[in-house]
Amino acid sequence: MSDPNESSLLISETGNASGSYSSISVSRSADKKPQNRFNFLRAKSLQAKSSHVMTDFWRYTKQTHDNKTGERVWYDSYTTINWLEDSQKEQTRLRNLSTKPRFFRFIDTLQDWSLTIIIGVLCGIAAGFISESTEVLTELKTGYCRKNWWLQHHSCKEDWVTWSTYFGTQNMEFVMFCFIGMVLSFLASQLVLKNPTVVPNIIGSNNNPQSSNFTAQNSKPTVPSSNSVRIAYYGAGSGIPEVKTILSGFVIHGYLGFKILIVKSVGLILAVASGIMVGKEGPMVHIASCIGNISTRIYPKYANNESRKRQVISASAAAGVSVAFGAPIGGVLFSLEEVSYYFSNSTLLYSFLCALVAAVVLRAFDPFGTGKIVMFKVFYDNNYKWFEMPFFLLIGIFGGLWGSLYIKYNTKLNVLRRKYFKSSTFLPTIEVLIITFFSLAISYPNLATRMPLPSMVGKLFQSCNPDHTKESSMFCVGGKRTYDQVFFNLAYALFIRGFLTIISFGLKIPSGLVLPSMSIGAIFGRIVGTFVQYAVEKFDWRFFSDCASVKGSCITPGLYALVGAGAALTGATRTTISVAVILFELTESLTYTLPVMIAIVIAKWVADVFDRSSIYDKVMDLNGYPLLDVKTNFIFNKLCSGDIVSADSPAISVDQINTVASVTKLVQSIRKEGHFDSGIALVNRSLALVGSISCEELYSAINRLDEWPTDSEVKFTSSPIESSKSKYSNSGSKRNFTSTSINSVNGFLSKVNDLSYLVNSAPLSIRKDSPMELTYQIFTRLGVSYVFVEDNGKFYGMISKKNFIAYLDSLDSS
């Protein structure tokens, strides 16, 4: 029989499938005085300690939870933010601002626009520096400028010296071509590998709702097991999957920091210049997002609100695409379609301005030496004919097939890399050197593969001279080049570039896949266009009757390359509208809108037949990032929300005495289960839900009491509640509660152990029999991290965002 004054803290037993709770009970009598001098002295000591730490306490509360504005300052790494809570805090700030003079509101609006302009300027400067530096180092593989080594070939002119001339032998040109490329890739890999980050091992956590391996960044020192953490190299790869995950509400501390900004920028210059089959477009999105994230520290309203900060990062991502391609409108659409999770009208406007400013600054750099910001400039004299439509459909089919093939085998290769290169920096370095040498050695014999990737794509987009005798492009018939030679050059480039694209993405260097994928489609499109051109010239078919009245060349192979580039990029990334707009801005051509759109749609359809996931989705799955998919139409196999409630949902009884030891044990058990970003239900003696408290804020508050006696009381209500004799059981619930007794504790209460200011007295909850569609809409539309479930007015359990994502992943895999 329980004592009338006994109380219990409800703590989940890890791994208990029945969902039962053990309880740590303590006895308290409100009328009893300290039983001995020791208790009296301890109470005095606690009071003295409380007075000494008041200054630290208020500094602490300002850092974690502002009582005046209700604003949380930070989230722990590898947790999800609460969009609803951040929105409420922003509304509180705006209400306080509305009471001030109009001048302060003007300054607040000015901050929004000034921050956008600052980010745009910085992105433009960074892109100009990266582009010019990449061009200089790329040409260094073939020679150098005698006057100034950092000048490009077109600026140096007669002072340019090739390596064959410098060494006096033709063989040294190949040696230096490979040697300098390997040195550059080695430096890029070492820059990445020397800057690792220890992160929680969350691989596979999305596949099991009951098992996660998340750990808190600020947890007390423990000896991590080999399976609890892993090494991540934030400077490697594209960066788009991680930025997309961050914008969805996931927190990855350090990924958008200053150190990674430097590593990614310098590493990108070295990697692209080395000649490996990688692009700079994806990493430019990462770099721009780093700039945006760092710039938010200028204004506290962005730095202290993760939801608003993500609006800025979305605008920064648009600027990244804008400066990577010279396509500001396409950048905005790419951020909207592929990267961003929530994209409001204000974010759209800020993104447009940020992309515009970045493009203007880039124009001042003139990195392409053409006086324009576009990467490729084309002029087509002939309009397309209707008999060409089947060939555009064929290119679209190829784009979808290529995208599926690329995703399948690149994912398998990255799985092997993760398995065998898990704890090694030597093997990834050797892999980079081997692939670099192989790429350069196999590309050198043919000019189509030897030239830099942007130059090759630009030449593929160009039209041929109607006068074959004056044609100089190796992708056109003219002079001594026959159709056989052109087909051979294109076929060789397609095979070599395609294979290198598959094996290069995933190396421990900064690497993008946009331009490599576009190059594969452009090569295939050029092959098809050259074949149609050959057929029109050699065969007098009625099918080609539209060309009878055309003087000169009727077919433009460059148009087919343009169509193929869009189709292949769509096949790999599953993006549609933004790809079409980027191509139009890239080439300053709107005449061929219809063929490009047809090929893109066909590529999307064909690729989705094999797998609806893009290459970015596969990278996120491989890394275990919990992205809540809002684009897939799920068919739920469970009807009610109560069917996916966690069996071990944590709860704390506010009617009872809770100690530092018992609360710490509860929080640590939640942390080990990987739900540190979830909440803890506060219930009364009848199991009615009376509030909630964030697990991470509770953990931070408990850390302030680490020097207090472990049996010190922790309060969650501002007024004491008298306890009465009760037996905690509920036939309608999954769990039973029992009580045991332990030593009594002192009832001393101070500002430090009174945690009522952290309690949400109106937590979001739904009924047990609520439809799954409602739960899905709550997580996707409101952006909450967790929602509580009640059954007949009693606490039934909790559904966390991570567990809900795991449930959706199980539906997707089945």
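The model is predicted, with local features needing pLDDT of at least 70, side-chain atom pairs counting only at pLDDT 80 or more, and totals for chains, interfaces and linings using all residues. Residues are numbered from 1 along each chain as its sequence is written, and side-chain values use heavy atoms, with hydrogens and water left out.

Me: What makes H13 oblique to H14?
Reply: The axes of H13 (residues 328-339) and H14 (residues 345-365) cross at roughly 140 degrees and come within 9 Å. Angles under 35 degrees count as roughly parallel, over 145 as roughly antiparallel, 65 to 115 as roughly perpendicular and the rest as oblique. The pair is therefore called oblique.

Me: Which residues of H13 and H14 make the contact?
Reply: From H13 come Pro328, Ile329 and Val332, and from H14 Leu348, Ser351, Phe352, Ala355, Leu356 and Ala359, where contact means heavy atoms within 4.5 Å.

Me: What is the make-up of this contact by class?
Reply: Eight residues are nonpolar, one is polar and none is charged. Ala, Val, Leu, Ile, Met, Phe, Trp, Tyr, Cys and Pro count as nonpolar, Asp, Glu, Lys and Arg as charged, and the others, Gly among them, as polar.

Me: Why is H13 called mostly covered?
Reply: Nine of its 12 residues are buried, that is, under 20% relative accessible area (1.4 Å probe, protein chains only). Gly330, Phe334 and Glu338 are among them.

Me: What do the buried residues of H13 pack against?
Reply: Their partners are H8 (240-247), H12 (306-325), H14, H21 (557-573), H22 (577-587) and H24 (615-623).

Methods
Axes are lines fitted to C-alpha atoms, for helices over the stretch in contact, and angles run from 0 to 180 degrees between N-to-C directions. Helices (H or I, at least four residues) and strands (E, at least two) are DSSP runs, numbered from the N terminus. Buried means under 20% relative accessible area, exposed over 50%, partly exposed in between (1.4 Å probe, protein chains only).
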